[in-house]
Amino acid sequence: MTGYPNADAPSPELLQRCVHCGFCLPTCPTYAVLGVEMDSPRGRIRLMETVWQGRVDVTSDPFERHMYGCLDCRACETACPSGVEFGKLMEGARSQIEAARPRSLSERLIRRVAFRALLPRPAVLRAFARFSVLSKRLGAAAALRLIGKRVGVARRLADLLELVPDRASSRALPASYPAHGALRGRVALFTGCVMRAAFADTNAATARVLSRNGFEVIVPERQTCCGALHAHAGERTDARALARRNIASLEALEVDAFIVNAAGCGAALKEYGWLLKDDPAWSARAERFAKRVKDASEFLADAGLSAAPGPLRTRVVYDDPCHLLHGQRIREQPRALLAAIPGLQVMPLGEADWCCGSAGTYNVTQPELSAKLLERKVGHITRSGAEVVVTANPGCQMQIAAGLRAVRAPISVVHLMDLLDRAYRSSGDTGGG
Ligand code: SF4
Ligand code: SF4
């Protein structure tokens, strides 16, 4: 095969924006670890170009290796002075691999189960999360490690179980949370698939924080997975189907914003316009929908806190989720919210803008490189003197917590909205729900 198989190919117009200056190289985690040009943003862009030129086959092993070796963390986008939208290029490149490259029966089965049977089905995902937590508590990881000395797949399953949080919350949330005090607006909470299955308490905390600040929060029952993991893995047809379902279910709601507390979901929802740009029946609706999506920290910091949080006497560091910082360019708002909590000591964190190695499914598909990046992240955290790591994405939370557990560091990892909620509760304001 020469060239790319379909219209989702990395756009030549976007590729041409790259002037090969190399400013992005020092910010690229995979280039820092591997030191190989083809594992840098510039190298990957060149490779995408060579496929257009017919010099590299889209189904070749090197093309797949360098495209899937990328974290899709988008640090290169922040660094790029030419406005290269690397995330769009990378998702396009991966979609072409999936369209052209034959996959084994087991690979197809794993993808089908993960992307169609698990993520878009809340009940199945909830049961899976509960089963994983229980298996971990019963010591399944140790047993799998023993078997793993002979069977590689058991070792991988043991690694995966280490990522599972010690407890998962999946309780159903009330349909709405009334605003406290004077009504400032009405928002809808996007509850997310993993968030709903394992971090429902964080969703409830987010709703309480918003309601304390004068916003009525509705929790729409009819919503589904945002499709971020599908898009990152090149499954754009499935990602589009999920996007259409979310838009159809939510667009008519009379709300000021759709609030998201998972950075990966927020970045994906804000790019629905791009995802559906070639679909005349949906492109305008997708653009309109995407403009109404706000990260919880972005929305609250921009609106301003109308209720003062209570004090928390804790030392924390803030670790930027890549898809919040690089994917949505949200840097100051979470820090402003932390600064609003009296007594909180916010310590500096080295390489806070550096990927922790979670990166969607990267810790599953590229475990060795992911482990190196996690080790680097854990080193910075343990040297910071913090008691708590604050972040805003479930993947980062699970990955960093697993890294800290592995070195027995007595440092907890919490979502920013949980910390804010805790601060309100410290002043006796329980917020309800
Ligand atoms: S992606 Fe941007 S920063 Fe990197 S080489 Fe190309 S133009 Fe330069
Ligand atoms: S997305 Fe991240 S890992 Fe991939 S090339 Fe850019 S900086 Fe490197």
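Is Arg101 buried, partly exposed or exposed, and what is its relative accessibility? At 19% relative accessibility, Arg101 counts as buried. Here buried means under 20% relative accessible area, exposed over 50%, and partly exposed in between, with a 1.4 Å probe and protein chains only.

**Before you start**

This is a predicted model, in which local features need pLDDT of at least 70, side-chain atom pairs count only at pLDDT 80 or more, and totals for chains, interfaces and linings use all residues. Residues are numbered from 1 along each chain as its sequence is written, chains are lettered from A and ligands numbered from 1 in the order in which they are written, and side-chain values use heavy atoms, with hydrogens and water left out.

**Stop 1: Arg101 and its partner**

A salt bridge is a side-chain nitrogen of Lys or Arg within 4 Å of a carboxyl oxygen of Asp or Glu. Arg101 sits in the loop between helix H6 (86–100) and helix H7 (105–118), and Asp61 in helix H4 (residues 61–68), so the pair ties together parts that are 40 residues apart in sequence. Helices (H or I, at least four residues) and strands (E, at least two) are DSSP runs, numbered from the N terminus. Asp61 counts as partly exposed, at 48% relative accessibility.

Now widen the selection. Asp61, Glu64, Glu98, Arg101, Arg103, Glu107, Arg111 and Glu235 are linked in a network of salt bridges. The structure holds 33 salt bridges.

**Stop 2: ligand 2**

Select ligand 2. Of the 13 residues around it, Cys28, Arg44, Cys70, Cys73 and Cys76 come nearest. A residue is near if one of its heavy atoms lies within 4 Å. Helix H2 (29–34), helix H3 (41–52) and helix H5 (75–79) each give two or more residues to this shell. Color the shell by type: 9 residues are nonpolar, 1 is polar and 3 are charged. Ala, Val, Leu, Ile, Met, Phe, Trp, Tyr, Cys and Pro count as nonpolar, Asp, Glu, Lys and Arg as charged, and the others, Gly among them, as polar.

Stay on Arg44 and show Asp39. A salt bridge joins the two side chains, 3.1 Å from N to O. Both Arg44 and Asp39 are buried.

**Stop 3: the strands**

Switch to cartoon. An open sheet of 5 strands runs in the order E1-E3-E2-E4-E5, with mixed pairing. Two strands pair if DSSP finds at least two bridges between them. At the edges are strand E1 (176–177) and strand E5 (293–295), each pairing on one side only. Strand E2 (residues 185–190) and strand E3 (residues 215–218) run parallel, joined by 4 bridges. Gly185 has Phe215 in E3 as its bridge partner.

Move on to strand E6 (residues 315–318). It is parallel to strand E7 (residues 345–346), with 2 bridges between them. E6 also pairs with strand E8 (residues 388–391) in the parallel sense, over 3 bridges. Val317 is bridged to Val389 in E8.

**Stop 4: Lys377 and Asp319**

Select Lys377 and Asp319. They form a salt bridge, with the closest N and O atoms 2.6 Å apart. Lys377 is in helix H22 (residues 367–384) and Asp319 in the loop between E6 and helix H19 (322–328), 58 residues apart. Both are buried.

**Stop 5: Thr202**

Finish at Thr202, in helix H12 (residues 200–212). Thr202 is buried, with a relative accessible area of 3%. Not counting residues up to four places away in sequence, Thr202 touches Met195, Asn261, His415 and Asp418. Contact means heavy atoms within 4.5 Å.
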